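Me: I have a structure to go through with you. Please say what each term rests on as we go.

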Amino acid sequence: MSPAALDTNVAVEIHDLTVAYDRKPVLWDVDLSIPSGVLCAVIGPNGAGKSTLIKAALGLLSVLSGRVWFFGEELNAVRRRLGYVPQRESVDWDFPVSVRDVVMMGRAGVTGVFGRSRPKDVEVVEQSLRQVGLSEFGDRQIGQLSGGQQQRVFLARALAQEADLYFMDEPFAGVDASTERAIVDVLKALRERGKTVVAVHHDLQTVPEYFDHAVLLNTRLIASGPVNEVFTRENLQRTYGPRLTVLEEAGEAMARAREARPS
Amino acid sequence: MSADRQNDADACMWDELISLLSMKDATTRTVMLGVGSLGVACGIVGCLTVLRRRALMADAVAHAALPGVCVSYLLLGERELGALLLGAMIFGLIASGLIAAMRGRTTVKDDAIIAVVIGVSFAVGIVLLKSIQNTPGGNKSGLDGFIFGKAASMARAEALTVAAVSAALLVLVFSQFKVIRLVTFDPAFAKALGLRVRLIDLLIISMVCVCTVVGLPAVGALMIVALMIIPAVTARSWTDRLSTMLVLAGAVGGIGAVGGTALSASVRTPDGSSLPVGPTIVLTIAAVCIVSLIVSPRRGVLAGWLRQRRARREMMAERVSERARAGPLAVTTAQETNDPGARP
Amino acid sequence: MSITAAEWWMIVTAVLACVPCALLGALLVLRRMALLGDAISHAVLPGIVGAFILSATRNPYAMLAGAMVTGLLTAWFTSLFSRYGRVSEDASLGVVFTTMFALGVVMLRFVPRGVDMDPSCVLYGLLEFTGLRMVEPVAGLRVPEAAALLAPVAVVAVLFVTVFFRRIRLISFDPALARSLGISVGLLSAALLTLTAASVVASFQAVGSILVVAMLVTPGATAQLLTTRLWTMLVLSCVLAITAAVGGCLIAIHVDSSAAGWIGVFSGVQFALAAIFSPGQGLLLKRLRALALRVRIEREDLLATMYRREELRTGQRVDLPDTSVDRMPKRRSLITVLARRSLRRGKLLLSRGKEVELTSAGRAAAAELVRRHRLWERFLSDNLALPLDHLHEPAHRLEHFADPERLAPVEGMDVNGAQPHVDPHGRPIPRVERDQPRPNP
């Protein structure tokens, strides 16, 4: 274990992370650390592995190599301190649940899933709904909301998790201007309370305005650090420049080697 | 046939239907208890498979149960119901395991694999059935009852078993309601919370297997999946809440099963025999479902069609007024970009 | 085993039933509509029975017409429910075809007495009795009724697919492109669906309702496991269907069992064998290839380790931390045994008592490998700016698969001209004589 990994002021410490889908490398030997208490944007072109970085960190998919620590601990020890906002398209919005039901799902990790929701849970859920401005929509079926409102439901669910570190997969994708404003306000409020947010972000224009930390990714890590240091023209050119074809072969080779490894 | 005799026959049928539904007779009560609780359990478990988009996987499991029954009969040589159903259960789980194991491993897609499992396992079942019929001796009567079901001959012990199993399934679903809902709705989030998504999936598919297996003697392998899918679809058209949907689907399944059984016993075919129970139950529930799908206020076909028509009309009105406001040049550009033929 | 004329007719009928089903089914599999095939084969039952009750005869054309009506109704209801009723497609399919099938089974009870139509014939088909019911469509040619019905369907199906092959390929692969090219996707799909329904109905009498599903989907899915080309897939699925039909019938004649059942089992076995042994996708061959790969990696690691040891011993290289020097496997596993044996066979390694040594050919091969490793480290360090402690692992994985001399120039690294002579740790990169053919390790 690296010494930095034990540092609890580091929210996320990723070491040597390599992920391939079907032999195609998506992340290649990524090493990075994100300090706690920052709003961190993960930036990169399509297919650069941004979502994969988040999913791999949360243990949602299998990795070829690499380790991840949160606040200096392994994933299973700190799961309850982690919040997750998946991409909006990842679920069936026609599912028969109400907005309040979905937000209450965020409490599942806290209450113990078998128990009835306690008054505290109800209170947290209402507060989260208020924070994203969906109080009066609590009883709606989720399919009856607009895209931006649906995104806010997911955000409220993550807020209900009362986590210390939030991973958000494209929270601004396809939302209207007022929702974008609302989400930014929520992010800033989270930072004021000392929480950390790692969000996949697409709109380069707004990075310096919304975030104070950035991870530039294009299969491999290009740069990571405070926005004013790493958000440079040169780094962006390297991020959005052509991908190294050698990495394609390299990742394929590693995936093949893993297939061959005795299980 | 004279009109009088026709009227007599009709009156006779109604009398019989009413007497069956009032359940004065002990045998009737037993059968109704059996099929009713089966309908409730299937309806509720069916909701989970339909929402998890595994509706036709349940069909594969049901078809695979048939060779399972035959294999355990061949191994044990007796028509011991428990053993036969254990065989069905094992084969059902194997089928679902095979489908899961092949998923994504080859270029053959899920739906084709499911269809292969349905067709081939039924073929295996028929071959085994034939070879059982060819062997002399043994009490082999009623094995082909597993195809279409023979609810009318349900024994008291069988009915009680079905009722007990159904009750256990209900307790399981409602005690694990939140976990099941979470995993069904958003498996990735559930996994991020540290829940064992695969375990819950296995639980759901095992419940499908259990439902199939207890329903096999009564409704048969070909029809049992209808008892799972149709009540779920019916219930979904009336409610937007999962808990209500489960209760409704259970009710539709249970009432439909009882009603269908009564109907099958009271309607006489030209040759004087009664209707097959499984198919009659399916048709009864399907009638409820089709009516629901058509008239349901929020999700019905009728409402959807009206909504679409209204939207189209509003859009047309808007476009007309827009064109009236814009000059002739704007009209041509609007036609170019908004050509209704371009978007079917 | 001698085969009677009736049995010959049974085999011919089975082949005629299986070929159009397999051909059109393969297209269904390809277009992800396999379950629609399943649904149609269930849903034609009420149409067949209805025509039967109304006409009170076994008129095949009435039955065909009835089945077409219910088959197309199924497709129509399914899309109606999923489009307007907001029911997911598979659930909607499930509702419609189970209902249709139940309706058919109930209607069977209303078939007048004395007509040979019962549930078991619906399920298993009447392949065994095809020889009993002969007709004479052309004077002087007596063929079974089922075959007389199936033959034109089979011919039309094969002709249709052959003639419209290019268009069918296009609408299967990219319907949007096909539409933009002016091909009437809806019409062609409808024609294919109608043909499929016709084949199902025509085969129905021979093989029964449920087994049509196996006929329809299994050969296509098996063919998909064996090839990636559409034309080959279609031909292959027909060949598989013919062998399944003949094989299934022969087994059934031999053991006196349900022919339709055995055909289904036979094609199931074909599918299972393909899933295990298919050269491209078979699960077993995947395993074997992985084993061969592991042996090769082990071989190469052994050679490279021997080379590094020699380097240390002869003082070509001063003592630098190198994690890979002592990677000589202590444990004798199947892999190490196989690797060592192949090295000795190839005269790359010599045993002297307890010690092993490189031969000169072995040394050349090992030098090549170590060269690759160190060139990769060089590349990873120079071009990707990886830190020193992150070089060994990726280079070690890469050296077995990718040749830096072929790849690196693409990324702007010069390996031959002003060739780097040391790796980032300062270890020499072995030179390889280029005028000799490169030894293949």
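Me: What makes up chain C in helices and strands?
Reply: Chain C has 17 helices and 4 strands, where helices (H or I, at least four residues) and strands (E, at least two) are DSSP runs numbered from the N terminus. The model is predicted: local features need pLDDT of at least 70, side-chain atom pairs count only at pLDDT 80 or more, and totals for chains, interfaces and linings use all residues. Side-chain values use heavy atoms, with hydrogens and water left out.

Me: What share of chain C is called buried?
Reply: Of its 441 residues, 56% are buried, that is, under 20% relative accessible area (1.4 Å probe, protein chains only).

Me: How many residues of chain A and chain B are in contact?
Reply: Contact means heavy atoms within 4.5 Å; 29 residues of chain A meet that for 24 residues of chain B.

Me: Why is Arg241(B) said to form a salt bridge with Asp101(A)?
Reply: The rule asks for a side-chain nitrogen of Lys or Arg within 4 Å of a carboxyl oxygen of Asp or Glu. The closest N and O atoms of Arg241(B) and Asp101(A) are 3.4 Å apart, so the pair qualifies as a salt bridge. Across the interface of chain A and chain B, the rule finds 5 salt bridges.

Me: Which helices of chain A supply at least two residues each to the side that touches chain B?
Reply: They are H3 (99-105), H4 (108-111) and H6 (147-160) of chain A. H3(A) gives the largest share, 3 residues.

How values were computed
Residues are numbered from 1 along each chain as its sequence is written. Chains are lettered from A and ligands numbered from 1 in the order in which they are written. Buried means under 20% relative accessible area, exposed over 50%, partly exposed in between (1.4 Å probe, protein chains only).
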